[in-house]
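Biologist: I've got a new model open and I'd like to learn how to read it feature by feature. Can you walk me through it?

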Amino acid sequence: MPETYVCPYCRATVERDYRVQYVIRSCPECGDHGRSVHAEVAAALDDLSSDDLPDGWADRPLDERLLVAVREGLLEIAETRLPPRE
Ligand SMILES: [Zn+2]
């Protein structure tokens, strides 16, 4: 089953056959180059409480949010590790 990845800039999605946190690619939709984040990780980032978010969060692309969230302890590592499907 393919995995879905989300462009950090425009949220266009792409499918890949492997399961990782993010895929570095150029997005054909917006032309930007960055880390397309796995859809489950993107959803976990979107679910974070706005009370906990650092300044500038809304201005950051999705891939930077992932790095900040892990560094700031906003996301448990387990939430972003993406264990293999059973
Ligand atoms: Zn894009």
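This is a predicted model: local features need pLDDT of at least 70, side-chain atom pairs count only at pLDDT 80 or more; totals for chains, interfaces and linings use all residues.

Biologist: Which residues is Tyr22 in contact with, leaving aside its neighbours within four places in sequence?

Modeller: Tyr5, Arg35, Ser36, Val37, His38, Asp63 and Leu66.

Biologist: Now the strands. How should I read the pairing?

Modeller: Look at who pairs with whom, and in which sense. Strand 1 runs antiparallel to strand 2 (residues 13-16), with 4 bridges joining them; Glu3, for instance, has Arg16 as its bridge partner. Strand 1 is also antiparallel to strand 4 (residues 33-38), here through 2 bridges. On that side Tyr5 is partnered by His38, and Val6 by Val37.

Biologist: How many bridges link strand 3 and strand 4?

Modeller: There are 5, again in the antiparallel sense, with strand 3 covering residues 22-26. Ile24 sits opposite Arg35 of strand 4.

Biologist: And side chains along a strand?

Modeller: As a general idea, side chains in a regular strand alternate between the two faces of the sheet.

Biologist: What about the turns?

Modeller: Check the phi angles there. Strand 1 and strand 2 make a hairpin with 6 residues between them, and Arg11 in its turn has a positive phi of about 70°.

Biologist: At what angle do the axes of helix 1 and helix 2 cross?

Modeller: Roughly 70°, and the axes come within 10 Å. Angles from 65 to 115 degrees count as roughly perpendicular, so that's how helix 1 and helix 2 lie to each other. Helix 1 provides Val41, Ala42 and Leu45 to the contact, while helix 2 provides Leu62, Arg65, Leu66 and Ala69. The crossing of helix 1 past helix 2 is left-handed.

Biologist: Last one: is Leu75 buried or partly exposed?

Modeller: Count C-beta neighbours: a buried residue needs 20 or more within 10 Å. Leu75 has 19 inside 10 Å, so it counts as partly exposed. You'll find Leu75 in the loop between helix 2 and helix 3 (77-81). The C-alpha atoms of Leu75 and Val41 are 9.5 Å apart, though 34 residues separate the two along the chain.

Conventions
Residues are numbered from 1 along each chain as its sequence is written. Two residues are in contact if their C-beta atoms, placed from the backbone, lie within 7 Å. Two strands pair if DSSP finds at least two bridges between them. A residue is buried if 20 or more other C-beta atoms lie within 10 Å of its own, exposed if 12 or fewer, and partly exposed in between; C-beta atoms are placed from the backbone. Axes are lines fitted to C-alpha atoms, for helices over the stretch in contact, and angles run from 0 to 180 degrees between N-to-C directions. Angles under 35 degrees count as roughly parallel, over 145 as roughly antiparallel, 65 to 115 as roughly perpendicular and the rest as oblique. A crossing is left-handed if the near helix is turned anticlockwise from the far one by less than a right angle, and right-handed if clockwise.
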